[in-house]
Amino acid sequence: MLKNLLILSVLAIIIALPFIFRQETLAGKWENGDPELVIVSPHNEAIRFEFAQGFSKWHQEKYGKPVKIDWRSIGGTSEISRYLLAEYTASVRGWWERQGKEWPDGATEAVTASRPPGLTKDGKPPAPALVELFKSFRGIDAPDKITANIDLYFGGGEFDHSDMFSRGVTVPPWRADLTPPGLFTAPDGTELIPSKISGETWRTPYLLGTAVSTFGICYNVDRLRDLGVPTPPTSWSDLANPVYFKQVGVADPTKSGSIAKAFEMIVHQKIHDRVIDNGFSDDEIAKLEKFISATKWSTGQNAADFPRIEVYQRSIESGWVDGIRLVQQIGANARYFTDSGSKVAVDISIGDAAVGMSIDFYGRFQSQNSLGPNGEVRMVYVTPVGGTSVSCDPISLLRGAPHRELATRFIEYCLSDDGQRLWTYKPGEPGGPTKFALRRLPIRRDFYPSTNPAMQRVASDHATHAADALGDPRVDPYELAKHFTYYPRWTGSHFAVHRSIIRAMCMDSADELKAAWSAIRDHGGPTACPVAMGKLGQLPTVTLTNKDGQPIQVPLTWQTAPTFSKLHDPLEYMREWTAAFRENYIEAKKLAEQQE
């Protein structure tokens, strides 16, 4: 018996040792009673490790104590959003019922809705209790009342963080007059972190970009050679080439926020192409969008100063269809739709896929990681010039954060020079990561070439330690942003519904899509099968139930797409979309096979 106890004790110590050493490695000599921070994040283990290490060291030097970070790894941004909404809804309900109040019908949906409760289906005002709940939730920022027991949401995309703010989940970390000095503006007044750049939001009072990302294409050099592809892919349209049938690695946009953004970029670029083809210059586009935004113009309204505004609007709508069809063809070539955005670059590096879509840092990291023994390049990552905006990777403070002051210090660290170095420095460089090269692009302007002498001196110093050539215009996000202007009206309100469209169009109907695409490919390709291609790319008109319970015909267009989730049951329209796409694909296959 004693022998067994000794064996069990030794085993327990052996099992516990990694956790003991991991705690000390991650947080210095952290002890019970020292500060602890809780962060939910889609970031990978390397990022979590380095920021835990770096922040603990920074905090000990500045405040005299190390910090332990309790990371909550739930999944991608979609899973995190669902988790946070559920946690806050449960917390609000508990707080409400502790006051002796009854939880009203519809409260679960209303409390974290993105807008105040509106009229009921029969046109009556909303229940007063729902309005009170909605307002009360947004008026409380106290962990003893309402909380998810998490302090920060770190990583993901601007869309998801903005959505969480609109639903009451996040709050501004500082008042404008209490923001730590030097975070956003250099001593000479130069802006270090722009609030917007080329139409993309990088900073607001409630979300703060910490790094920036572009989106591009990875390809395996040997696999392209085996496929007989003479010219590597350089544009999104190249991924629709039938030569890549079952060779394209793609992540599921309903799970990966970064790939959802990449798909948005594809659609956005096709809109731009169509608008330019119809005779509108970039200057005219900017003026038209400014006018439409200022006047809330819509089709049919007078616009004397812009006689071609109706043509412009139709160009946007037809360009959106072009983009959806391009996404469809990329989906037809897909080898898979994986849950993990990082898997695509890994698979391409080892030849399990020939080409794929990737966020920049996964692509660059894996390209470097897959060099041959003699330095030969096996995998390449390219950013399609003019095919991607530069979006931010934000951090947000959660409502009712249990450790609010510590959380704001972490945000300050992430935006400071110390935290920014972790994204780009090589391991072991002064102030850099200790173990992993993160290969991310820092957001601060003073890490990149500048005509400002003081900032240029800082950028030159950073360049000597960086893992990537930050001065290369193909890498420098401030240069890349000059080649792409993001117009939120074009695709911003479509971001969420794009995920649903892609799921119905490319994933839930994958077998029928691939069968149709294979038939088109076998009968001369898209150019030789125009009728089949027309059927393949036909967007559905489906029968749905309106608010009055009546069946109505609803086409899928640029105009209607953002309204589906507001007006209809997602389960209903997803079922109808999927059935319609499958029917079109079956017919497209028959038409291709009839092609002489």
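**Aromatic pairs and charges over rings**

A search of the whole structure, which is a predicted model, finds 27 aromatic pairs. One of these pairs joins F51 and F154: the ring centres are 5.4 Å apart and the planes stand at 75°, so the arrangement is edge-to-face, given that an angle over 60 degrees counts as such. F51 belongs to helix α2 (residues 45–63), whereas F154 belongs to strand β3 (residues 152–154), so the pair ties together parts that are 103 residues apart in sequence.

The surroundings of the two rings may be considered next. F51 has a relative accessible area of 0% and is buried. F154 is likewise buried, with a relative accessible area of 0%. Both descriptions rest on the rule that buried means under 20% relative accessible area.

F51 also pairs with W423. Here the ring centres lie 4.7 Å apart and the planes meet at 50°, so this pair is tilted. W423 counts as buried because its relative accessibility is 0%.

F51, F154 and W423 are among the members of one aromatic cluster. The cluster also contains F55, W58, Y63, W71, F410 and Y413.

K343 lies over the face of Y336, at 5.4 Å from the ring centre. At F49, the charged end of K435 sits over the ring, 5.7 Å from its centre.

Notes. Residues are numbered from 1 along each chain as its sequence is written. This is a predicted model: local features need pLDDT of at least 70, side-chain atom pairs count only at pLDDT 80 or more; totals for chains, interfaces and linings use all residues. Side-chain values use heavy atoms; hydrogens and water are left out. Rings of Phe, Tyr and Trp (its six-membered ring) pair if their centres lie within 6.5 Å; planes under 30 degrees apart count as stacked, over 60 as edge-to-face and the rest as tilted. Helices (H or I, at least four residues) and strands (E, at least two) are DSSP runs, numbered from the N terminus. Buried means under 20% relative accessible area, exposed over 50%, partly exposed in between (1.4 Å probe, protein chains only). A charge sits over a ring if NZ of Lys or CZ of Arg is within 6 Å of the ring centre and within 35 degrees of the ring normal.
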